[in-house]
Amino acid sequence: MSPMKVVFRMKDAKGTIRVKMGAGKDGSGLVLLNDATEPGIHALAQKKGTSITMTDKDGKKKAL
């Protein structure tokens with residue numbers, strides 16, 4: 001993503017970031033974080049392509 005971007009973060013009741021959304025000149029992205037604040041779902045939509053990566057509880061990644 002480009003250096004000029006907007007990032008929106010959503011926190012849970014304890015103040016831990018659980019969702020991140022970003023938008024920039026080159027596209028947008030979404031990250032849903034698990035209980036350990038590791039990415040569970042990471043989605044990117046850019047001109048060069050769109051990707052979705054899911055990470056299971058054992059850290060194994062699956063890309064779509």
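Asp12 and Arg18 form a salt bridge in this predicted model, and the closest N and O atoms of Asp12 and Arg18 are 3.0 Å apart. A search of the whole structure finds one salt bridge. Asp12 has a relative accessible area of 27% and is therefore partly exposed, while Arg18, with a relative accessibility of 22%, likewise counts as partly exposed. Buried would require a value under 20%.

Strand E1, which covers residues 5-11, pairs in the antiparallel sense with strand E2, which covers residues 17-24, and seven bridges connect E1 with E2. Within this pairing, Arg9 stands opposite Lys20 of E2. The hairpin formed by E1 and E2 has five residues between the two strands, and Gly15, which lies in the turn, has a positive phi of about 95°.

E2 also pairs with strand E3, residues 27-33, again in the antiparallel sense, here over six bridges.

| Strand pair | Sense | Bridges |
|---|---|---|
| E1 (residues 5-11) and E2 (residues 17-24) | antiparallel | seven bridges |
| E2 and E3 (residues 27-33) | antiparallel | six bridges |

Terms used. Residues are numbered from 1 along each chain as its sequence is written. This is a predicted model: local features need pLDDT of at least 70, side-chain atom pairs count only at pLDDT 80 or more; totals for chains, interfaces and linings use all residues. Side-chain values use heavy atoms; hydrogens and water are left out. Two strands pair if DSSP finds at least two bridges between them. Helices (H or I, at least four residues) and strands (E, at least two) are DSSP runs, numbered from the N terminus. A salt bridge is a side-chain nitrogen of Lys or Arg within 4 Å of a carboxyl oxygen of Asp or Glu. Buried means under 20% relative accessible area, exposed over 50%, partly exposed in between (1.4 Å probe, protein chains only).
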